[in-house]
Amino acid sequence: MSGGRHFEQWAIGDRIDHVMRRTVTETDNLLFSTMTHNPQPLHLDAEAARASEFGRILVNGTFTFALMIGLSVGDTTLGTLVANLGYDKVVMPKPVFIGDTLRAQTEVVDLRP
């Protein structure tokens, strides 16, 4: 981890391919779903998930989102941020399954002082 950047160090168009990556485990999905009180059978019930369009357990989307943020922190905001101002236009274009390895890339599309 290289540490975060301050506002003045960012420019529109900056891109970072984050080196850190993570393979999602069944335990990740199970713990996150139960800790957040999410009883969705697609995340917890192998038989229900098998009968779905996905055919297997689908990883909790909010876990996926949180993991992507976490993978980016070391290069973006570590030690430089007091609070996030918000998230906009979160999209989940593809499902994530147990055993998938996730990588993150950051691109600066706008700056807000």
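Let's start with R5 and D14: their side chains meet in a salt bridge, 3.0 Å from N to O. A salt bridge here is a side-chain nitrogen of Lys or Arg within 4 Å of a carboxyl oxygen of Asp or Glu. Side chains of opposite charge can pair when their charged atoms come close.

A word on the model. It is predicted, so local features need pLDDT of at least 70, side-chain atom pairs count only at pLDDT 80 or more, and totals for chains, interfaces and linings use all residues. Residues are numbered from 1 along each chain as its sequence is written, and side-chain values use heavy atoms, with hydrogens and water left out.

Back to R5. It is partly exposed, at 27% relative accessible area. The cut-offs: buried is under 20% relative accessible area, exposed is over 50%, and partly exposed is in between, with a 1.4 Å probe and protein chains only.

How many salt bridges does a search of the whole structure find? Three.

Next, R15 and E107. Their side chains form a salt bridge at 3.5 Å, N to O. What does this pair tie together? R15 lies in strand 1, residues 15–23, and E107 in strand 2, residues 101–107, so the pair links parts that are 92 residues apart in sequence. Strands are DSSP runs of E, at least two residues; helices are runs of H or I, at least four; both are numbered from the N terminus. E107 is partly exposed, at 42%.

Now R22 and D28. Their closest N and O atoms are 2.6 Å apart, in a salt bridge. Is D28 buried or exposed? D28 is buried, at 14% relative accessibility. R22, at 30%, counts as partly exposed.

Stay with D28. You will find it in helix 1, residues 26–35. Which residues does D28 contact, leaving aside neighbours within four places in sequence? R22, T23 and F63. Contact means heavy atoms within 4.5 Å.

Last, the surface. F7, I12 and L111 make a nonpolar patch of about 260 Å². Patch residues have over 30% relative accessible area and no salt bridge; like charges are joined within 9 Å, and nonpolar side chains (Val, Leu, Ile, Met, Phe, Trp, Tyr) within 5 Å. The areas come from the Shrake-Rupley method with a 1.4 Å probe; for residues, only the protein chains shown count as cover. Where is L111? In the segment after strand 2. L111 is partly exposed, with a relative accessible area of 30%.
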